Amino acid sequence: MAQKRVGDSTIKFTTPPVIVSTGSVAGPKEGRGPLAPWFDEIVPDDLFGERTTEKAERRFMEDAAKIALKNANLTQDQVDFFVAGDLLNQIVAASFTAEVFGVPYVGIYGACSTSTLGLTVAAVLVDGGYADRVLVATSSHYQTAERQFRYPVELNTQRKTTSQYTVTGAGAFLVASSGGKVKITEATVGTVLDMGIKDANQMGPAMAPAAADTLFRHLADTGRRPEDYDFIFTGDLGAVGSNIFRALMKEKGVILGDNYQDAGVMVFQGDPTAGAGGSGCACSALVLGGYVCKRMQDNEISRALAIATGALLSPLTTQQGESIPAVANAVALEL
């Protein structure tokens, strides 16, 4: 029997790895939001001075990773693995960034759940004794995501009220065996659920069941209740999806209180141009690395649960009339 597995879906780390440092880089729209004080860098130009938005997204990820290294007082040659992913085809933002660092590279794809998936992979490598330090990064960009999954922004296509606005930015984490305050104690790996939704403008409703399933499994595996956490957040369900998520948990007999929030709602709170809220890999990464980890460093949060959610569609499957499967991966953090 696997000694480090708890219940059906959860890994319990014997010697919990720690998050030594984080790096968060946000775009201009995100920098005007309520979480701006928690970000390490706010870039005033979506293009980051580059010719294309794809190249700009690489810059966001590269800068976030460099900030995480700088905050840990480490250089890239002191890192054993680079674990990264993004939303673009063939995760090119991550791969081109990996080329810059020259560190053994583990490319991953979990759509918008990549932040917690990356932390899970890093924690397994460190707790298993395969690495001392692992750099994790993920990114997204409004214009690259729109061009790939919906319509190029140049077409000025009218957005639906249920649509979410992809967060422009990147988050990075330095995970190690020692040297940090925030511990990764458990990770719950989600299963893929498909509710038959085919509209790419309905990401929140498509992902909410996966988020509910992962949280319910996590609570069952660990024997905890939502109130055992100071803060619980989902990755990017937005206003519509997070309400569905609350209702689904209530159906399972679990009532979520004020300690639950959604990253997609938090990033663009009060911005009517963001539709139902934020989405994208950077959405949960910015909230986790910028807001949650820094509040934990300041002893304002003692235990947190991050549930990043991902819609596993592609332009090809959407054009072929396929529905949108989804997954949610969770990590528990403690002081």
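A residue counts as buried when its relative accessible area is under 20%, as exposed when it is over 50%, and as partly exposed in between (1.4 Å probe, protein chains only). The model is predicted, so that local features need pLDDT of at least 70 and side-chain atom pairs count only at pLDDT 80 or more, while totals for chains, interfaces and linings use all residues. Residues are numbered from 1 along each chain as its sequence is written, and side-chain values use heavy atoms, leaving out hydrogens and water. Helices (H or I, at least four residues) and strands (E, at least two) are DSSP runs, numbered from the N terminus.

**Helix 7**

- On one side of helix 7, Asn 243, Lys 250 and Glu 251 are exposed.
- The buried residues of this helix are Gly 238, Gly 241, Ser 242, Phe 245 and Met 249.
- Just after helix 7, Gly 253 adopts a positive phi of about 85 degrees.

**Strand 16**

- In strand 16 (residues 325-334), 10 of 10 residues are buried.
- Pro 325, Val 327, Asn 329, Val 331 and Leu 333 point one way, and Ala 326, Ala 328, Ala 330, Ala 332 and Glu 334 the other.

**Pairing of strand 16** (at least two DSSP bridges between two strands)

- Strand 15 (residues 303-311) runs antiparallel to strand 16 and is joined to it by 9 bridges; Arg 303 has Glu 334 as its bridge partner.
- Strand 10 (residues 182-188) pairs with strand 16 in the antiparallel sense over 5 bridges, with Ala 187 opposite Val 331.
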